[in-house]
Structures are given as C-alpha cells and as structure tokens.
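Please look over the sequence and the model first, and then read the report below alongside them.

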Amino acid sequence: MYLTNHFSNAEQAEILAFMHSNSFATICGIGEDGSPVATHVPVKISLRENKLFLQAHIMRKQAHTAAFEHNDKVMAIFNGPHAYISAKHYEPQNTASTWNYSAVHAKGIIRFLGDTELFTMLKNLTAQFEQDPASPSLIKHMSEDYIQSNMKAIIAFEIEVTQLQHVFKWSQNKPSHIQDNIIQTLAKGSLEEQLAAKEMKKRLNK
C-alpha cells in the first residue's frame, strides 16, 4: 500500500466509518502451495476490549477455506469510490496523471468458529444489511430445516485485526482551485466518477 502523510493521516474513527460504509471486503491469504487466494464477503465489524474484529462466513471445501486453515495470517481489503485523474487539471499539464481512491487494508489472524457462533453471526449480518426489523427475510422468519441445511455448506470465521492501514487519496496535495476543477470534471462523468466526486468533496470538506 502506497502510504504518504498527505493521504494516510485519518483518525481511527474515520477509518472505521469507511469500513462500515464499504463492508463488502476482499479477504486475501496464501495457500499451502504458496499461491495467493482471495474471496469476497460482507463482513461485520466490531470493537471489543479496544480490539478490532471482522466476522463473516465462506463456503466450505474451497481453495480459500483450505488456505485459511493452512495459514492464519490474512488481509481484508476495503475499497471505496475511485477515478482516473488526468494531468490536464494540473499546472503544468504535461506531467504524470494519477488515480484517486479510498482503500483500507486490515491485516490479522483468522480463526474459524462453531455452528452456534455461525448462527448468531448470520442473524447479525442479515439484520445489518436488511436494515428493517420487520423484514420477512430476517433469519427469525426462516424455517429451522432451511437454516440448518444451508449452514452445512458454510463456515464462520473471525479475524482479529493486528494492523490497519489506509489511503484516502483525493488530491489533498493540490491547490484548492485544481481540486475544484477535478471535482467538476468527475461530477459530469460516469456513475463511478460521480461517486468519486462526492467522495472527494467529503474528504476535502468542500
């Protein structure tokens, strides 16, 4: 991860807020043969006794499951909006262009959980993403047979985060008028660029 004072000086509360807003994470590890693996899952983020934990579940009998069983050192990547930034906005213009983005890397130790913890986590994750206590899709509205059948195919895990790094790179090192020009250009672009414009405005308090 490219770390500089300009782009990596956020407080922990801001980093956690970003993770909560972008909680569909990429979990990376190393398999027994030395090959990298990655899987993409929604995670529940929590603080307990001043320690940060990520909880999620994955399919059993997959390459990622075997890798995490072999090597408990993993990294979760959280990504936000991003966009290409042309040097045409700069002074002078014939310099290197760049990419603006937000990302967090959470390194830690993974451990697998039992069925009781899996059931509790499924309830909590579903409630978190449904965001509606009356939703018919909550775990409490599902049949026991259906739940147990699906639980056989998945396994829960928890990552205790041991290192947290971030880059919120939104042209903080550029003059204000250049930042404004970049935002105006992004706001007229694709949906991803429009999201990047909103993120840039938020990060720069514009």
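A residue counts as buried when its relative accessible area is under 20%, as exposed when that area is over 50%, and as partly exposed in between, using a 1.4 Å probe and protein chains only. By this rule F7 is buried, with a relative accessible area of 5%, whereas Y2, at 47% relative accessibility, counts as partly exposed.

The model is predicted, and local features need pLDDT of at least 70, side-chain atom pairs count only at pLDDT 80 or more, and totals for chains, interfaces and linings use all residues. Residues are numbered from 1 along each chain as its sequence is written, and side-chain values use heavy atoms, with hydrogens and water left out.

The protein has six helices and seven strands, where helices (H or I, at least four residues) and strands (E, at least two) are DSSP runs numbered from the N terminus. Read from the N terminus, the elements follow the order α-β-β-β-β-α-β-β-α-α-β-α-α. Of the 206 residues, 42% count as buried, and the C-alpha atoms fill a box of roughly 65 × 45 × 35 Å along the principal axes.

A103 lies in strand β6 (residues 98-112).

| Residue | Relative accessibility | Class |
|---|---|---|
| Y2 | 47% | partly exposed |
| F7 | 5% | buried |
| A103 | 5% | buried |

Leaving aside residues up to four places away in sequence, A103 touches M1, F18, F78, N79, Q165, H166, V167 and F168, a contact being heavy atoms within 4.5 Å.

Helix α5 (residues 176-187) packs against helix α6 (residues 191-204) at an angle of about 150°, with the axes 7 Å apart. The two helices are therefore roughly antiparallel to each other, a label for angles over 145 degrees, while under 35 is roughly parallel, 65 to 115 roughly perpendicular and the rest oblique. Among the residues that meet are I182 and L186 in α5 and M200 and L204 in α6.

Conventions
Axes are lines fitted to C-alpha atoms, for helices over the stretch in contact, and angles run from 0 to 180 degrees between N-to-C directions.
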